[in-house]
Amino acid sequence: MPELDGTVSLITGASSGIGEATALVLAGRGSAVVLVARRQERLEQLAERISGDGGRALVIEADVGSHEQAERAVDQTVTELGRLDTLVNNAGVMLLGPVQDAPLEEWEQMLAVNVAGLLYCAHAALPHLLRAAEDGPRQVADMVNISSVAGRVARLGSGVYNLTKHGVGAFSESLRQEVTQRHLRVSLVEPGVVETELQSHNRPEIREQISETFAEIERLRAQDVADAIAYIVTRPRHVAINELLIRPTEQER
Ligand SMILES: NC(=O)c1ccc[n+]([C@@H]2O[C@H](COP(=O)([O-])OP(=O)(O)OC[C@H]3O[C@@H](n4cnc5c(N)ncnc54)[C@H](OP(=O)(O)O)[C@@H]3O)[C@@H](O)[C@H]2O)c1
């Protein structure tokens with residue numbers, strides 16, 4: 001039974017990995033999906049796949065680190081599809097390495113996407129989500145913020161990524177308290193290591209270190225996290241999954 005019929009979900013970072021898998025799962029559950037990222041071609045391919053399966057998808061090329069582009073993505077969603085019931089704040093970058101001599105552009109990029117981008121999307125989406133909770137088919141709306149195990153545990157070589165994801169956790173809990181009486185559920189998802197493109201953007205020596213650290217582990221698939229997100233947004237109105245930590249079984253820390 002498609003539980004999300006009549007709803008609209010906007011997924012940031014839908015051009016690969018967890019975002020792409022989430023778009024497919026939510027579309028399969030009956031939601032119209034809005035695919036947001038910078039690589040338009042990848043989004044178009046995904047949209048074709050979704051419409052081929054009988055779903056509805058809208059592609060919006062946007063850099064969420066730009067306030068204007070994040071706002072435009074939300075505005076265009078509501079203009080073209082009439083509403084917004086679910087925001088999956090998933091776009092993110094993970095650029096690891098020691099603090100000493102780190103390229104500052106890497107820190108700036110993580111702050112721009114993981115923190116500012118998430119805040120811009122949340123800010124723009126909030127009035128629409130609150131409206132959807134009042135008049136939507138489900139009488140409830142969802143904001144799912146993708147953090148990480150790195151949002152709970154700090155590790156050597158992960159300082160700024162840790163900072164951004166701890167920030168996502170703090171913001172999510174504060175916002176949850178602000179809006180939960182109005183039936184907008186704010187949920188935090190904290191995946192362990194997932195097989196995606198995330199680590200590929202690191203410098204070669206860092207990539208090697210990451211691969212070594214997790215060499216023995218069978219990683220999560222993006223689909224595993226997408227299933228967790230689908231579980232969150234398909235709960236009955238009186239159930240809110242506030243926080244969900246999901247690791248590969250073999251991952252110790
Ligand atoms: N993979 C893991 O092990 C893991 C673990 C814990 C948490 N996470 C979190 O999961 C989320 C998704 O990551 P993933 O693992 O699926 O990695 P991924 O495959 O690299 O996906 C990242 C997505 O973010 C988008 N993105 C990056 N910068 C953007 C920007 N400025 N504006 C709009 N979109 C942007 C990328 O699209 P474009 O490049 O096309 O813009 C891409 O679609 C991230 O927040 C990450 O921190 C991942």
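How many residues of the shell around the ligand are nonpolar, how many polar and how many charged?

Tutor: Two ground rules come before the count. This is a predicted model, so local features need pLDDT of at least 70 and side-chain atom pairs need pLDDT 80 or more, while totals for chains, interfaces and linings use all residues. Residues are numbered from 1 along each chain as its sequence is written, and side-chain values use heavy atoms, leaving out hydrogens and water.

Now the count. The shell around the ligand divides into 13 nonpolar, 11 polar and 5 charged residues. Here nonpolar covers Ala, Val, Leu, Ile, Met, Phe, Trp, Tyr, Cys and Pro; charged covers Asp, Glu, Lys and Arg; the others, Gly among them, are polar. There are 29 residues around the ligand, and Ser15, Arg38, Tyr161, Val194 and Thr196 come nearest. A residue belongs to this group if one of its heavy atoms lies within 4 Å of the molecule.

Next, the polar contacts (pairs of N or O atoms within 3.5 Å). An N or O atom in the side chain of Ser15 is 2.8 Å from a ligand oxygen. For the side chain of Arg38, the distance from an N or O atom to a ligand oxygen is 2.7 Å. The side chain of Arg39 also places an N or O atom 2.8 Å from an oxygen of the ligand. On its own, the ligand has 880 Å² of accessible area, and the protein covers 96% of this. That area comes from the Shrake-Rupley method with a 1.4 Å probe. Two elements give two or more residues to the shell: α1 (17-28) and α5 (159-179). Elements are DSSP runs numbered from the N terminus: helices are H or I with at least four residues, strands E with at least two.

Take α1. Of its 12 residues, 9 are buried, so the helix is largely enclosed by the rest of the structure. Buried means under 20% relative accessible area, exposed over 50%, and partly exposed in between, with a 1.4 Å probe and protein chains only. The buried residues are Gly17, Ile18, Gly19, Ala21, Thr22, Ala23, Val25, Leu26 and Ala27. The length of α1 agrees with its residue count: 12 residues should span 16 Å, and the end C-alpha atoms are 17 Å apart. The expected span is 1.5 Å times one less than the number of residues. Gly30 follows α1, with a positive phi near 105°.

His183 lies in the loop between α5 and β6 (184-191). Its phi is near 65°, positive in a residue other than glycine. His183 counts as partly exposed because its relative accessibility is 27%.

Gln139 sits in the loop between α4 and β5 (141-146). With a relative accessible area of 33%, Gln139 is partly exposed.

The 32 residues of α4 (104-135) should span 46 Å, and the end C-alpha atoms are 45 Å apart, which agrees. Yet α4 has a kink of about 45° at Leu126, shortly before the proline Pro127. The bend is the angle between axes fitted to the seven residues ending there and the seven starting there.

Last, some residues placed elsewhere. Asn145 is in strand β5. Asn145 counts as buried, at 0% relative accessibility. Its C-alpha lies 9.6 Å from that of Glu243, which is 98 residues away in sequence. Ala47 belongs to helix α2 (40-52). Ala47 counts as buried too, at 9% relative accessibility. Glu80 is in helix α3 (67-81). Glu80 is partly exposed, with a relative accessible area of 43%. The C-alpha atoms of Glu80 and Leu58 are separated by 8.6 Å, and the two are 22 residues apart along the chain. Arg247 is in the segment after β9 (243-246). At 30% relative accessibility, Arg247 counts as partly exposed.

How values were computed:
A polar contact is a pair of N or O atoms within 3.5 Å; within protein, one must be able to donate a hydrogen and the other to accept it, and residues adjacent in sequence count only if both atoms are side-chain atoms.
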